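Subject: Structure handover

Dear colleague,

Please take over the structure below. My notes on it follow.

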Amino acid sequence: MYRSLGAHRLIYRARISLLVKTGLIDQAIQVFDEMTQSNCRIFSIDYNRFVGVLVRESRFDLAEHYYNKMTHQGFSLIPFTYSRFISRLCEIKNFSLIEKLLEDMDRLGCVPDIWAFNIYLNLLCHENRLELALQVFDRIVEKGRKPDVVTYTILIHGLCKAMRFDAAVEIWREMIDKGISPDNKACTVLVIGLCDGGKVDLAYELTIGVMKGRVEFSNLIFNALISGFCRAGRIDKAQAIKSFMSRNGCEPDLVTYNVLLNYCCDGLLLEEAEKLMKKMERSGMEPDVYSYNQLLKGLCKANRMDKAYLLMMNKMELKGLCDVVSYNTIIRAFCNAARTRRAYKLFEEMQRKGIAPDLVTFTILIKAFLRDGSSDIAKKLLDQMASMGLLPDRIFYTTIVDHLCKTGKIAMAHSVFCDMVEKGIAPDVVSYNALINGLCKASRVSEAMLLYEEMQTRGSYPDEVTFKLIIGGLIREKKLSLACRVWDQMMEKGFTLDRAVCETLINAIHSKDAT
């Protein structure tokens, strides 16, 4: 009898295996159900194999169903199947089931393998659930799973992204204290994270300073440090790192030169920028479109638009390196210099040459023509945008509203604002602030108050800037009781007035009381 049932079990297993191999999963499920309802004795291994198949085939609901069924019968998965199940559930972000599986593993006295552990931590960090990630890390490490360099790299990246640099450095030091050597990727994550947070000296100290000779640093690390020191205005240190990388067999690449070019052009060190370009060419490295666009930007910032245009025509165009950014840079410079007609000619030229203008191009020109009072040309440009399928977005409308308010064209700004709302584009707090600012400066604070109330009914809540604009406008119009009421609302939201506005309001109230 027992032999007969054992033979039946082997037949069922063989049928299920064949169906799985041929991709007939639904039929395999039917046979497995038939097997569990037969007189055959089912073992833990049967459930393990079958749940593993369902997990591999992304049939997660069924995998959960059979997992629950097996646990009710007193069976459990082996650590390997648990780990694969957790890894695949990370793909669909099923946090509740992952936590249930981890709790079950904990009761069984086992932990996920390092692969599943790292995948889950990475998901939690990516989803900004950093506190849970740190709790999971502590809990699973305490249960005996030793973290590896990937584990620590994931946490360092998550902490840097959350601007928790002290905690990231603490994790880095813990990794080294435990005898785990950081690899190039770990160093890269730490350096980029700290440099983005303005902690370039610390990034340098923890990597180049400490790990020199123990890790082979990549261009990415050196470039991040050079960029960090350039952003901090410390070109001498950036140049020293460039020399250091060359001495250590890591030659500066295009990114290295472009970072330095960006620094020189931003700082109007145009002679240095041109020397860098020549040095690149001498070393056999061709400057790319970004390199030339940086130089264009520098020339335009120095009000040398005509030279910038010649560079674009005589060098960039010949090399096929002109793009919409190149034209936008020069068009913006001509508009800023009140040479709007010249900018418009460039706009026409770029289209003749097959370079399509983008939303930025139109925004620059429309702002310029509105400033000059040429609303007919601005309207023509808006129509051309629509015909090209470039639909204005919230940023476009807000930019135009802000510009019109700053140039005193409040009625037109209000009209553009209403047009945005009519087109179904919801204004955000920045959009509202632009128009409120214009209304308050034009002594139309009653309309600004209506807008302040409207934004809240539309679900766009005032920020600190909104409150300061409204209170400032009310003070200027001597509507002090209303200003105090708005101040109360501001404090209820957790915002505070800056000292100057606060003193102005208090002095105005005292002055009124004295009279």
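F85 is in contact (heavy atoms within 4.5 Å) with V51, V55, A63, E64, Y67, L77, L97 and L101, leaving aside its neighbours within four places in sequence. F85 is also, with I331 and I471, one of the residues with the most contacts inside the largest nonpolar core, which has 183 residues. A nonpolar core here is a set of buried Ala, Val, Leu, Ile, Met, Phe, Trp, Tyr and Cys residues joined through side-chain atoms within 4.5 Å. Buried means under 20% relative accessible area, exposed over 50%, and partly exposed in between, with a 1.4 Å probe and protein chains only.

Some notes on the source. This is a predicted model, in which local features need pLDDT of at least 70 and side-chain atom pairs count only at pLDDT 80 or more, while totals for chains, interfaces and linings use all residues. Residues are numbered from 1 along each chain as its sequence is written, and side-chain values use heavy atoms, with hydrogens and water left out.

Helix α7

Helices are DSSP runs (H or I, at least four residues), numbered from the N terminus. Helix α7 covers residues 114-126, and its 13 residues should span 18 Å at 1.5 Å a residue; the end C-alpha atoms are 18 Å apart, which agrees. The expected span is 1.5 Å times one less than the number of residues. Buried in α7 are A116, F117, N118, Y120, L121, L123, L124 and C125. Their cover includes α5 (79-89), α6 (95-108), α8 (130-142) and α9. After α7 comes N128, with a positive phi near 60°.

T151 sits in helix α9 (residues 149-161). Which residues does T151 contact, leaving aside its neighbours within four places in sequence? They are I114, F117, N118, L121 and F137. T151 counts as buried because its relative accessible area is 0%. Its side chain also makes a polar contact with the side chain of D148, at 2.7 Å. A polar contact is a pair of N or O atoms within 3.5 Å; within protein, one must be able to donate a hydrogen and the other to accept it, and residues adjacent in sequence count only if both atoms are side-chain atoms.

Helix α11

At its start, a side-chain oxygen of D183 reaches to within 3.2 Å of the backbone nitrogen of K185. The buried residues of α11 are A186, C187, T188, V189, L190, V191, G193, L194 and C195. What covers them includes α9, α10 (165-177), α12 and α13. Just after α11, G198 has a positive phi of about 80°.

Cysteines

How many disulfides does a search of the whole structure find? The search finds 0, a disulfide being a pair of cysteine sulfur atoms within 2.5 Å. For C187, the nearest cysteine sulfur is that of C195, 12 Å away. For C418, the nearest cysteine sulfur belongs to C405, 12 Å away. C187 is buried, at 0% relative accessible area, whereas C418 is partly exposed, at 29%.

Aromatic rings

A search of the whole structure finds 16 aromatic pairs. Rings of Phe, Tyr and Trp (its six-membered ring) pair if their centres lie within 6.5 Å; planes under 30 degrees apart count as stacked, over 60 as edge-to-face and the rest as tilted. Y204 and F229 form an edge-to-face pair, with 6.4 Å from centre to centre and 70° between the planes. This pair links distant parts of the chain: Y204 is in helix α12 (residues 200-211) and F229 in helix α13 (residues 219-231), 25 residues apart. Y204 is partly exposed, at 25% relative accessible area, while F229 is buried, at 0%.

F467 and F495 form a tilted pair, 5.9 Å centre to centre with 45° between the planes. F467 lies in helix α27 (residues 464-476) and F495 in the loop between α28 and α29 (499-514), 28 residues apart. F467 is buried, at 1% relative accessible area; F495 counts as partly exposed, at 24%. Y344, F347, F362 and F369 form one aromatic cluster.

Regards

Definitions and conventions: Helix = DSSP H or I, 4+ residues; strand = E, 2+ residues; numbered from the N terminus.
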